Amino acid sequence: MARWFLRLGAAGLTVSGLYAATRMDPNDIGLVRIGRAVATTAVISYDYIISLRGLEYGTDEYESIKSQVHRRSARHLLDLCRANRGTFIKVGQHLGGLDYLLPEEYTSTLKILHSQAPQSSLPEVQQVIREDLGKEVTQLFASFDEAPLGTASWAQVHKVVLHDGRTVALKVQHPKVQRQCAKDIILMEVLVHSVSWLFPDFSFAWLVDETKKNVPLELDFLKEGHNTEVVAEMFKHFHFLKVPKIHWELSTSRVLAMEFMDGGQVNDREYMRQNGIDVNETLTEEFRLDYCRLWYALIKTDRKAIETYSRRLGAAELYPLFACMVTGRSWASITKGIDQIPVSKTEDVEIRIKAAKYLSSINELLNNVPRQMLLLLKTNDLLRGIETSLQTRASASSFITMSRCCVRAVSRYKKDASTSWYGRLKISLAEALVLWQISLHEILLWLKASSVWRWVGGIWAHDHPLQ
C-alpha cells in the first residue's frame with residue numbers, strides 16, 4: 001500500500017513538473033491540477049502510515065509524532081490550496097474554521113487562507129472586465145487602483161473612481177474559476193472517497209456535498225448583489241448598519257460594482273480600538289424555531305428539551321456531541337449551565353482533545369444534519385474565530401446575542417399561537433424574566449473581566465488570608 005502511494009505521488013509530481021516547466025500557466029492545465037492534488041494526497045497519506053507505524057496508540061511518543069505529522073500535512077495542504085487556487089482556497093478556508101473537528105495544527109495553518117489568498121495579475125483582471133463589460137478599463141473608469149484592497153478564494157476587490165466622481169469597490173472574479181470549478185469538485189470527491197477507504201475515521205463527504213451545492217451560487221455575483229439588497233431591506237431600521245449600494249450597470253455574473261465604504265476587518269482588534277468600537281456589542285420556519293428552542297433549552301439547562309430539539313435537528317443519539325458543537329462548550333459545562341461557567345482556555349483544550357477522539361462520530365453527525373444546520377455551524381465557527389482574534393471569547397458576546405434572539409423568537413411564536421390576552425401576558429412576563437437573567441449574566445461577565453472584579457478580589461483576599 002505504501003509503495004502504491006509513493007508511485008502515485010511520484011507520477012503526480014512528474015506531471016506537475018513537466019507542465020510547470022512550459023510557458024503556459026500550469027493552472028490552465030487540468031493534468032497539472034490533478035497531479036498536484038493526487039501527489040499531495042499521496043504524500044500526506046504515506047506520511048501518516050509510515051510515521052505512526054509501530055507506535056502504541058495514546059502514548060506520549062505517539063501523540064508527539066502525530067502532532068508533527070499533522071503540522072507537515074497541514075503545510076502540504078496549504079501549499080496545494082495556494083497553487084490550485086479557486087475551489088481549493090474556498091475549501092481550505094472552510095477547513096481552517098473547523099476548530100471543533102480538526103486538530104489545531106490544521107486550523108492554525110489553514111487560517112492563513114482567510115487573509116492571504118493568491119491574487120490575479122492586473123492583465124487577468126482587465127481581461128475579465130473587458131469580456132464582461134465590453135470596454136477597456138480606461139473607458140469605464142477615471143482611475144483604477146492596480147493593487148487590490150483584498151483577495152479571496154473567488155475574486156479580488158479594486159478601488160475605482162467613475163467618470164462622475166463616485167468611488168466604487170469593484171469585485172472581479174479570478175479568471176478560469178468557473179471553468180475549473182466543476183472539475184475540481186469531482187477531483188476532491190474522488191480523493192475524499194479514496195482517503196476515507198484508507199482511513200475509515202476520515203469522512204468528509206458532507207463537505208464535498210456542501211461545496212457542490214453552494215459553489216455555483218457563490219460564483220454568480222448577480223445573486224450576491226440581489227442578496228445584498230435583501231439584507232439592506234431587512235436591516236434598514238438599524239441606522240448604524242451600512243450596506244453598500246450595487247451599481248447594476250457595471251455588474252455581471254463575474255463583476256460586482258458596489259458603493260465604496262471605508263472600514264476595517266471584523267477581526268482586527270487594533271482597528272476596533274483606534275475607532276472606539278466596543279467589540280462586545282455587536283432558514284425554514286420549522287428549522288428556525290427548533291434551533292431557537294434548542295438554545296432556550298440550553299439556557300434553562302433542560303436536558304430533556306436539549307435532547308428533543310437536537311434530535312429534531314438531525315443529531316439522533318449523538319445529541320450531547322451536537323450540543324457541544326453548537327455552543328462550542330463541553331458537555332460538563334452544558335449540564336452545569338453554560339451561563340454559570342465562563343469559557344476558559346482549559347475547556348477549549350479539552351474540546352480539541354475530545355474532538356480528535358470522536359472524529360468519526362462528528363463526521364457521522366455532519367453527514368446527517370440538514371444543510372441549514374451546516375450553514376449555522378459554519379457561522380458559529382467564524383464568530384468564535386473572530387471572538388478569539390478580538391480576545392472576547394470569555395465575554396460570550398455571541399452566546400448572549402444568540403440567546404436573546406432565540407428567546408424573543410420562541411416567545412413571539414408562542415404569543416402568535418395564543419388565543420387569550422392572559423396567555424400572551426404570561427408569555428411576555430416569562431420572556432422578560434429570561435431576558436433579565438441574560439442581562440444579569442452579561443453584567444457579571446463584564447465585571448469578572450474588569451478591574452472592578454480584580455479590586456474586589458484583592459480586598460477579599462486581604463480580609464480572608466489563607467490560614
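Which residues lie nearest the centre of the second largest pocket? Hold that thought for a moment, everyone.

First, some housekeeping. This is a predicted model, where local features need pLDDT of at least 70 and side-chain atom pairs count only at pLDDT 80 or more, while totals for chains, interfaces and linings use all residues. Residues are numbered from 1 along each chain as its sequence is written, and side-chain values use heavy atoms, with hydrogens and water left out.

The chain has 21 helices and five strands; these are DSSP runs, H or I of at least four residues for helices and E of at least two for strands, numbered from the N terminus. Of its 467 residues, 42% are buried, meaning under 20% relative accessible area, with exposed being over 50% and partly exposed in between, using a 1.4 Å probe and protein chains only.

Now, back to the pocket. Y48, H70, Y106, F202 and L359 lie nearest its centre, among 47 lining residues. A pocket here is an open set of points on a 1 Å grid over the protein atoms alone, with protein on both sides within 12 Å along at least five of seven lines, and lining residues have an atom within 4 Å of a point. The volume of the second largest pocket is about 1600 Å³, counted as the space filled by probe spheres set on the points, which are joined across faces, edges and corners. Helices that each supply at least two residues of this lining include α2 (30-52), α3 (60-84) and α17 (359-368). By class, the lining has 32 nonpolar, eight polar and seven charged residues. In that count, Ala, Val, Leu, Ile, Met, Phe, Trp, Tyr, Cys and Pro are nonpolar, Asp, Glu, Lys and Arg are charged, and the others, Gly among them, are polar.

On to the charges. Side chains of opposite charge can pair when their charged atoms come close. The whole structure holds 17 salt bridges, each a side-chain nitrogen of Lys or Arg within 4 Å of a carboxyl oxygen of Asp or Glu. My pick is E131 with R254, whose closest N and O atoms are 2.8 Å apart. That pair links distant parts of the chain, 123 residues apart: E131 sits in helix α6 (residues 122-133), and R254 in the loop between α10 and β5. R254 is buried at 15% relative accessible area, whereas E131 is partly exposed at 49%.

Another pair to look at is E233 and K236, with closest N and O atoms 2.7 Å apart. Here K236 counts as exposed, at 55% relative accessibility.

Note on methods:
1 Å grid on protein atoms, 1.4 Å probe; cavity = no way out; pocket = protein on both sides within 12 Å on 5 of 7 lines; lining within 4 Å.
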